[in-house]
Amino acid sequence: MSDAATPKGGENVTTGSQPIPRITLHAFMEKAVDRQNLSAACSDRRMVRVTNEVHEGSVANAAEHYSDQPTPNLLIVDVPQDREKAFAYLQTLAEACDPGTQVVVVGTLNDVGVYRDFMRQGISEYLVSPVSSVQFIETIANIYANPGAQPLGKVHCFAGVKGGVGSSTIAHNVAWHMAETLGESTVVLDLDLAFGTLGLNFNHDGGKGITEALLEPDRLDDVLLERLLFKAYDKLALFTAPASLDAGFDPAPKALEKVLDVVKANFAHIIIDLPHSWAGWARGVILASDEIVLSMTPDLTSLRNAKSLNDFLISQRPNDVAPRIALNMMEAPKRPEIPVKEISDTLGAAPAAILGYDNVLFGTAANNGQMASEVDAKNKNSLALLDLANILARRGLGHSAIAAAKDTSPLAPLLALLKGLKA
Ligand SMILES: Nc1ncnc2c1ncn2[C@@H]1O[C@H](COP(=O)(O)OP(=O)(O)OP(=O)(O)O)[C@@H](O)[C@H]1O
Ligand SMILES: [Mg+2]
């Protein structure tokens, strides 16, 4: 895909995290830009289950091709400008189509009358060329969205750009805020199977938790899920890691996919606590998530790693929001640090959350098996974690930013609002 076809950071897919089912998709399109954009759409994380073939051509070629071949689940075809000709070819194609095949038409005329005429022919959608990758993804997602289906939970993946930067602490606190402050059903998955801290941080002796689900994914249903999860609060469930060396295996991608499918059907937010790892399975989890939070500290190694991870993830996920940066442990005593401005300039965006070094707050919380807000709800780090939860839950500007702004100048709420809109 060329950059010109779908600009980086331009359009984002808005239809959510619902993966498109295992369908076959064939396309016959004249314009290279449409073929490139469809091919790019097919490599999007929501389309990994779709098998595709993209050909140069139009409805005329498709009609001929399928006269003696079975049709795929979804066909995307270019139509000529001449409407009579277009309808004639579509009619021939319709006669060759197996029942259940959906047809999407790509044309050049941007006119509501043309759109209605095509829709009356029984096609699923009419798109005007050039069609962006995001338009292709959304169109296909809409065709296969099950109207009776429950909305699926959003997956937020938390990863540290190096070990020990506070990624798990931030993930657990954000999950707590989503559940306790925002009142949304939330589950945390600890994928640091050998050394995870989820159980410890919530004062719970883990048991086998997530490993049982990952070892026998086919047995996982709502009943088993209920048994394996620990309900830490009314709306917060934990899928803890056993944190034992025996559990130090790499989860199989198929098992992870199954576990995620089941939790997504049961919770509004899924927080994944990923160990610092670049193994294939961990990379797969990050790439497939709806939101990514990269935690870092203000040092050179962190910044180098954050830059390479951030650039890589943006390039691999052109139809998604960029990873959010959580800058942690600022102003640690006696330690030189890189200023926020330099970090923002290097990464090309300001951090979504900035947390100060606070041994007392996080040390007390860790020792008591509590979250930061339970120790001190007014601490600025507790409030910054709430802001991050608000951003991820798409609740707009965090409450603490508004509260902080009110304390300063009459113009401050407006400035805070502008800052919030930029975040
Ligand atoms: N802002 C902070 N100020 C002081 N201590 C902090 C802060 N954030 C986290 N910590 C502490 O740092 C330690 C490491 O945190 P945590 O386990 O969350 O990091 P991690 O990035 O998940 O590490 P790992 O690479 O082992 O998974 C913990 O003891 C935690 O309490
Ligand atoms: Mg961790």
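Colleague: Why does Lys-334 count as exposed?

Modeller: Let's set the value against the cut-off. This is a predicted model, and in it Lys-334 has 4 C-beta neighbours inside 10 Å. A residue is called exposed if 12 or fewer other C-beta atoms lie within 10 Å of its own, so Lys-334 counts as exposed.

Colleague: Where is Lys-334 found, and what is its phi?

Modeller: Lys-334 is in the loop between β12 and α13. Its phi is positive, about 55 degrees, although Lys-334 is not a glycine.

Colleague: And what makes Glu-331 exposed?

Modeller: Glu-331 has 11 C-beta neighbours inside 10 Å. Exposed means 12 or fewer, so Glu-331 counts as exposed. Glu-331 also sits in the loop between β12 and α13 (340-347), and its phi is near 55 degrees, a positive value in a residue other than glycine.

Colleague: How do you know that β12 and β13 are paired?

Modeller: Count the bridges: three join β12 to β13. Pairing asks for at least two bridges between the strands, so β12 and β13 pair, and they run parallel. Ala-326 stands opposite Ala-353 in β13.

Colleague: What makes β8 and β13 edge strands?

Modeller: Picture the strands in a row. The open sheet has eight of them, in the order β8-β9-β7-β10-β6-β11-β12-β13, with mixed pairing. β8 (230-233) and β13 (353-356) each pair on one side only, and they are the edge strands. On average, neighbouring strands of this sheet are turned by 20 degrees against each other, direction ignored.

Colleague: Which helix lies across β13?

Modeller: That is α16 (residues 380-392), which lies across β6, β11, β12 and β13 and runs at about 160 degrees to β13.

Colleague: How do you know that the peptide bond between Ser-129 and Pro-130 is cis?

Modeller: Look at omega: for the bond joining Ser-129 and Pro-130 it is about 0 degrees, and the bond is cis. Pro-130 has its place in the loop between β5 (125-128) and α5 (133-144).

Colleague: Last one: which residues come nearest to ligand 1?

Modeller: Of the 20 residues around ligand 1, the nearest are Gly-160, Gly-163, Gly-166, Ser-168 and Thr-169. Elements giving two or more residues to this shell are α6 (167-181), β12 (324-330) and α14 (359-368). By class, the shell has seven nonpolar, 11 polar and two charged residues.

Conventions
Residues are numbered from 1 along each chain as its sequence is written. Chains are lettered from A and ligands numbered from 1 in the order in which they are written. This is a predicted model: local features need pLDDT of at least 70, side-chain atom pairs count only at pLDDT 80 or more; totals for chains, interfaces and linings use all residues. A residue is near a molecule or strand if its C-beta atom, placed from the backbone, lies within 6 Å of it. Helices (H or I, at least four residues) and strands (E, at least two) are DSSP runs, numbered from the N terminus. Ala, Val, Leu, Ile, Met, Phe, Trp, Tyr, Cys and Pro count as nonpolar, Asp, Glu, Lys and Arg as charged, and the others, Gly among them, as polar. Axes are lines fitted to C-alpha atoms, for helices over the stretch in contact, and angles run from 0 to 180 degrees between N-to-C directions. Two residues are in contact if their C-beta atoms, placed from the backbone, lie within 7 Å. A residue is buried if 20 or more other C-beta atoms lie within 10 Å of its own, exposed if 12 or fewer, and partly exposed in between; C-beta atoms are placed from the backbone.
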